[in-house]
Amino acid sequence: MSDSDDYEVEEPVLADDDPMRAFLPASFGKKSKESNIATQIEQSRRQAPLKPVAAPKPSSNRDSDSDDSDDSDDSEEGEKYPVSHELVLKTHERTITSVSLDPSGSRLLTGSLDCTVRLHDFAAMTPTTLRAFRTVDPWETKKSAASSDSHPIHHAEFSRVSGSVFLCIGAHPQAKIISRDGDVLTTFVKGDMYLRDMNNTKGHVGEIATGTWHPSDQNLCVTAGSDSTLRIWDINNKRSQKEVIAFKSKAAGSAGRTRMTAVAWGASAQGSTPVLVAAALDGSLVMYGGNGPFTRPAAEIREAHKADTWTGGIDISSDGRMVVTRGGDNLIKLWDTRKFNKPLITTEHPSTSDRYPMTNIKYAPNSTSIITGSSSGHLHILNPGNLRPELVTPITPGVPLIVVDWHAKLNQVITGSANAEVHVLYNPEMSNRGAVDVMSRAPKKRHIDDDPSLTTDQTLGLSADSIITPGSSILGKRNGGANKAKDIKRPQIQQITPFMRSQPDEKHVSENIPLSQMLHEDPREALLKYADIAKKDPRFTGAWKDTQPVTQYADLSDEEDAADGGDKKRVKR
């Protein structure tokens with residue numbers, strides 16, 4: 001065969017459905033960024049089916065027409081809401097109790113039963129770096145303090161106007177104002193628990209359940225506590241609240257007190273003054289004028305929900321006309337603030353407030369929908385007119401969905417579940433920024449330096465990739481001096497640990513502490529070794545040795561000794 005003959009090389013042929021095709025490049029050369037972004041966003045598409053729930057329709061003979069239009073109706077219902085894609089954040093260790101976005105939508109905070117608040121910045125996250133940039137324990141004390149305690153987070157919410165601060169409420173009588181960077185700015189004062197009249201106390205005397213911000217004033221917030229009061233605070237004055245609203249329960253055996261479980265502060269129906277609505281543990285629902293006076297409620301409904309059940313969800317529509325509540329009696333009720341005496345609509349919905357009191361319910365932007373979670377882990381989007389479910393979609397199946405929020409500017413839904421997951425639901429075509437920007441960025445290239453535990457020598461505080469010349473100033477300081485560092489063959493000095501510092505050296509003790517050797521000596525031998533010296537040179541008894549009387553003993557016979565011994569025995573008896 002000559003060199004000019006052509007050779008045919010057989011190439012392996014893979015079937016179209018062969019799994020090996022996933023490991024082979026589809027093309028050569030640099031791929032375009034647009035195609036990668038589209039792939040990333042497509043990978044974030046939710047696999048859970050959307051289940052629109054339609055209202056019952058009257059019976060009709062045209063069954064075929066209705067069957068043909070089912071698929072189109074389902075797709076139209078699913079596209080109405082930004083729930084087609086999701087971004088999952090797993091930064092907490094326990095149940096999520098609060099989620100909130102600042103007004104601009106650039107920063108997300110989450111609170112949890114693990115006693116921490118975590119801050120997430122959408123501008124700094126990428127698809128491979130979904131983590132919080134700051135973890136805050138509001139009740140963390142200095143490390144030098146003798147005792148430190150932490151409290152579960154009940155509620156955390158950004159200011160509705162500025163977004164520069166957020167209100168943090170835990171299982172504690174004192175609420176805190178924290179900056180958007182995680183620094184504690186204000187800690188409100190605690191009231192005197194020995195005062196009976198709550199109007200004379202300067203702060204809460206019991207655990208705070210929840211709170212919220214004024215709809216238009218960035219300096220005012222309200223908290224609801226277990227001491228049967230609502231307290232309005234000025235964040236610039238931490239020494240005393242601005243107003244005290246003492247709610248007097250009319251339930252039998254309550255002694256006029258109950259626990260306030262939920263509060264909402266929204267615009268009024270007329271648009272002039274806001275309205276303040278709160279729920280109590282005795283089942284009452286009370287409404288006040290948002291700007292006062294607060295001496296008497298504008299309206300009060302007894303037995304709005306079943307007594308001794310926790311009404312954790314309450315929200316006011318954007319126009320201030322409607323109030324929606326979710327109680328622990330497995331009911332969702334719709335109220336009209338202009339006729340605040342009985343519910344307009346009541347519907348059944350399983351409650352989770354018996355295990356998670358911070359379960360909430362929220363109006364969508366412009367009050368076009370109502371959203372809430374469920375014990376089965378589904379997100380329910382309800383019609384604000386009749387409270388019928390328009391869309392039910394699983395978020396964390398089998399795990400209760402606790403808190404929800406719908407941001408107006410981003411048009412994205414944020415949910416928090418009992419399995420410590422935060423889901424940001426969005427639609428690339430309907431939503432703006434937020435999770436869309438995160439999934440539109442190129443993944444950050446991972447490097448070994450991203451994990452400092454693998455590359456940092458904790459004893460030296462230097463990276464393992466650093467090149468240090470022997471005898472340099474840095475290494476000399478670490479090893480106790482430049483002269484020691486010059487000898488590169490010198491063995492490594494044993495590290496002094498805190499335990500070793502607490503154990504003094506035996507040689508140091510024997511040389512510097514007087515009489516330390518007596519700890520290891522027999523006390524009888526230590527005294528007897530001075531017996532001969534004391535007898536020869538009686539230093540202390542020498543003054544009266546010449547005048548000391550001589551002891552004389554009487555001579556007794558054996559009979560007398562026996563008689564004396566018998567008497568002693570009788571005495572002993």
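Which residues is Ile414 in contact with, leaving aside its neighbours within four places in sequence?

Author: Some conventions come first. The model is predicted, and local features need pLDDT of at least 70, side-chain atom pairs count only at pLDDT 80 or more, and totals for chains, interfaces and linings use all residues. Residues are numbered from 1 along each chain as its sequence is written, and side-chain values use heavy atoms, with hydrogens and water left out.

Leaving aside neighbours within four places in sequence, Ile414 is in contact with Val99, Leu101, Leu108, Val403, Val404, Asp405, Val422, His423 and Val424; contact means heavy atoms within 4.5 Å. Ile414 also belongs to the largest nonpolar core, which has 23 residues and in which Leu108, Ile414 and Val422 touch the most other members. A nonpolar core is a set of buried Ala, Val, Leu, Ile, Met, Phe, Trp, Tyr and Cys residues joined through side-chain atoms within 4.5 Å. Buried means under 20% relative accessible area, exposed over 50%, and partly exposed in between, with a 1.4 Å probe and protein chains only. Two or more residues of this core come from each of strand S2 (85-89), strand S3 (96-101), strand S27 (401-407), strand S29 (422-426) and helix H4 (435-439). Helix H4 gives the most, with four residues. Helices (H or I, at least four residues) and strands (E, at least two) are DSSP runs, numbered from the N terminus. In soluble globular proteins, nonpolar side chains tend to be buried together.

Thr126 is found in the loop between strand S5 (117-121) and strand S6 (134-136), and counts as buried because its relative accessibility is 12%. Its C-alpha atom is separated by 5.2 Å from that of Val438, although the two residues are 312 residues apart along the chain. Not counting residues up to four places away in sequence, Thr126 touches Val438, Arg441, Ala442 and Lys444. The side chains of Thr126 and Thr129 are joined by a polar contact of 2.5 Å. A polar contact is a pair of N or O atoms within 3.5 Å; within protein, one must be able to donate a hydrogen and the other to accept it, and residues adjacent in sequence count only if both atoms are side-chain atoms.

Thr325 lies in strand S20 (residues 322-326). This residue counts as buried because its relative accessibility is 0%. Its side chain makes a polar contact with the side chain of Trp335, at 3.0 Å. Beyond four places in sequence, the contacts of Thr325 include Leu285, His305, Thr311 and Gly313.

The loops also contain exposed residues. Ala255, in the loop between S14 and strand S15 (260-267), is exposed because its relative accessible area is 62%. Its phi is near 60 degrees, a positive value in a residue other than glycine. Asp308, in the loop between strand S18 (299-301) and strand S19 (313-316), is exposed because its relative accessible area is 66%. The phi of Asp308 is near 65 degrees, again a positive value in a residue other than glycine. Most residues other than glycine have a negative phi.
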